[in-house]
Amino acid sequence: MVYELSRARLFRVGPPGAWFDDVTIDFRDGAATLESSRTPARAAVLVGDNGTGKTVLLDLVQSVLTPEDSSAHDIQHHSVRSSGLSHVVVEYQSRAGNQVVVGMVLTGDPDSSHTPDPVRRSWYVFTPTEQFSLDAPPFTTADTSLDDVAGRVRATAVDGSGPNWFSSYADLHAYIHSLGFPVGLHDSRQRIKNLWRQSQTEFRYIDRELIREVLPTGTVDRLVRHVEASRKAAPDTLPTILDALRIELLEAAQEVVAAFRAVGRLSSLLSATGDDPVVGIDTDSIMIAQSSDELMNHLVNGPRLLNGVEELVLSALERMCEGGIEITVGRRSTSRRGASFRLLSGRESLLFGWAMFSALALIKSRWPARGDGDVVGTLFIDDYVDLLRDPTWLARAFKVSRAMGFQVVLSSARTQPGLAAADVVIGIRNESTNQLRKVEVTTHTRTGVWRSRPEGEADPGEEVMEHVPLTDVFDFVPVNDHVTGDSAARVGDIVLSAFVPPMFGSVVQEPGTVEGDFVVVLRPVRELDHREKLFYRRYFNSEAFTTRLLGRDRIAWLRPWNLSGLRIPRPDTATLHALSELAGAARQFSQWSNEAEHAVRSYFKWDNVTAARSHMINAGRLTRQRREAGSLIDARESRLRTTLPFPIATRWRAVQAARHDHGGYAMVLECAEAVLAYCGVLGLVLARADDLPVGPLRHQANRFAKGGSGPTFGTWGTIVDYLATANPFRTLPADSLLAHFARLAKPEVSEAIAANKRRRDHNAHRRGPSPHETRSAFEDAKNDLLILLEAVEWLVDFPLRHIEHSRWDTFEKVSHLAYRELMGDHNVVSLHDDTIDHIIEADSPYAVDQFGRYHLLRPFFVSRHCDKCGQLTVFVIDEWDPTAEAATYLALDHAHTIMLTNQRSPMEQVGLLPPSAAP
């Protein structure tokens, strides 16, 4: 019966930089719902930044069974405080469910100045009972000496199950060997490290370094003694000694080859799927040569090597073992002979190195495993493993070690893709407390029972967006259990990395990038349109999703059992439209960037320098034009002229070209009034859509009813201020279309509007600036206008469209449109098409919000070709003649007017006129 590492508990132990106050590390998987049914994971990885305590943890756990190792003494020495007791308790479990707990008690030796080892240590071993277990160990925080713990252990020993107290490692060693522990794996931590490093080298045959690791230490020592004796023997006794030495050398060489052949027989273990052997080791080509007279003479009379007679013995055994070792993993093989090893890919070479390490470890354990599923012991690898970069190949490596009977515990300084191949990932972090950095440990299992959020605790996102259970939108698709094979994903599925932080930098994977148990495949319950697919791909890649799963160590598994309880957002049409527009812009910029790079690379595809330069210039012409256009957008004044609605942009262009005289001064003020009129109308339309009353509009309606004047600079300013500051508008949600008006309430914007209103009033009453003041007055007014224009740049998200043609399809329930987009300082623009799911009227102006919804601006605005100049123009309501029942509209971009009849009904409906009295 052989045991695997199940749990470890570190109590008041560790150096100041990695102090384990009382930490339990769980190496078990989470498949079983009952605590008692959980079994040790066959592959575990410790993850934490450098300096968090990974190496200290592994060294302390291993040192319980390898305390005679000098490095074990070193870590114990640095992990014990000057006062009190430190404990390292390790729980092992067999596949049959039997458990053994081995504890080590450490304390500083008060007489350490007179001894080479400043640490005193003792051990106890027991089978867990109700009285003693890893959770209830035989020590307390009040213990001050080893005798306190020893007395408690000895007082409760009732039968062979313990607890048993050991004051020497030799006694412990003999006892754990009798329990079934592979002592060969625990005689030295450094030997295991040597095995790992040896397996990573490209040795081509059985050399002295390999022999040194394979042969038991006693065998080499015995041969060395016999060689030393032969060098001192009398001539008459030398032949007898040489004959005995020859036999012992032959037996040692046979032991080396037998070790590999024994592992070769075990290599026929099949994988769980019944495929090819997991790992094969072929030693048929190895031959044992008899020790020749020349070899024996070299041993007895040859010069001593640098490391003495031991090197001579190992060299002799190396010469006797002829041939190479061939390792097979799946259908690929390599021979340690010749150069064929170098023909393998990088990942294959790493996998073969892993297989050799497992084989060497199996030899050192004296090969107790006899069939697939048997346990040999636990291998600790506290070194960088290249296979951690690829979960598929690391899974194959784990498969090899599992077939040979090993539990494997790795360490990693950062989260890497290969972590998804582990059964258990243990996150390690530490925090400074006084003069210590206390270590915290969290275990993440591939399987288990998990709830995303405590009952009664809502996700913060649900306050601003509707959330539904993930299973209302997606089904979980079973994936292949093996690491190769056809993809389980289909077109339209969303594939998630099974581990966070994700492999390859993204939670959402492309189908086919990684398969098997390293991904979770979500299949939509109903077909999603392209905008919904984009939304969910971006959501699953966002921190809004991953932070709900991550612990303090920023690690989490994504599995159906812990995703099924999640609630995810259900986006509305407006959100989908906005996200799609922004993502489309990002894709366009990326395409332009790729075209620019292609133009640069094209230079190096030509042999003729002149032709190459000409081609690069021609290929990059469009890129340069885009750059120039983009630089204009970055320049504030050019950006305003090219992106704002036409009535404002064309007024602003006139200001830019104006002289610094009275005429230019008037243009600035007219542009400011046009901005306020446009914003006021848009705000009134949006407020009406949300059933929000606007008080100042009622005052203007009453003036119209009495035949009074139309809206002025002050009227529009009052309406805009109301939209920005009145109570109903200050509490709007952040994504409300009217929330943009809050920018107009900023002090600097309000002051700029008020300043230009005063200038407009003074100028209208002939109190404008005198000729010598005109230049400075022009600059001051223009600066205030720029402040206002910058505050309304959000108008770019509400493109102004003149609908030239609209056809409603009764059967399809859509309107087919032809429109001109009046954005920027030109009104001669091309026609565009669109399809809308509601009725749109022709020959009218609309503003389209960032969610794609059309808002009718009539009767505040009308758009048509001007009767006087013929230009496509946007007109704003200016006067109402109650007698003639006619409305006068003023062009926003110039001084022409038009008169329209039959406007009473629409004006009453929008609040520009009071409702008519009932007949």
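# A tour of selected sites

Select residues 309-320, helix α11: its twelve residues reach 17 Å from the first C-alpha to the last, close to the 16 Å expected at 1.5 Å a residue. The expected span is 1.5 Å times one less than the number of residues. Helices (H or I, at least four residues) and strands (E, at least two) are DSSP runs, numbered from the N terminus. This is a predicted model, in which local features need pLDDT of at least 70 and side-chain atom pairs count only at pLDDT 80 or more, while totals for chains, interfaces and linings use all residues. Residues are numbered from 1 along each chain as its sequence is written, and side-chain values use heavy atoms, with hydrogens and water left out.

Stay on α11 and colour by accessibility. Ten of the twelve residues are buried, so the helix is mostly covered (buried means under 20% relative accessible area, exposed over 50%, partly exposed in between, with a 1.4 Å probe and protein chains only). Among the buried residues are V309, E311, L312, S315 and M320.

Next, pick S285, in the loop between β8 (280-282) and β9 (287-288). S285 has a relative accessible area of 33% and is therefore partly exposed.

Move to helices α27 (residues 747-764) and α28 (residues 774-791), which pack at an angle of about 135 degrees with their axes 9 Å apart. Axes are lines fitted to C-alpha atoms, for helices over the stretch in contact, and angles run from 0 to 180 degrees between N-to-C directions. The angle makes α27 oblique to α28 (under 35 degrees is roughly parallel, over 145 roughly antiparallel, 65 to 115 roughly perpendicular, the rest oblique). To display the contact (heavy atoms within 4.5 Å), show E748, V749, A752, I753, A755, N756 and R759 of α27 with D780, A781, D784, L785, I787, L788 and A791 of α28.

- Select R12 in strand β1 (residues 4-13). R12 is not a glycine, yet has a positive phi of about 50 degrees; at 35% relative accessibility, R12 is partly exposed.
- Go to P859, in the loop between β29 (854-856) and β30 (861-865). A cis peptide bond, with omega about 10 degrees, joins R858 and P859.
- Finish at N902, in the loop between β33 (897-901) and α29 (904-910). Phi of N902 is positive, near 60 degrees, in a residue other than glycine; N902 is exposed at 70% relative accessibility.
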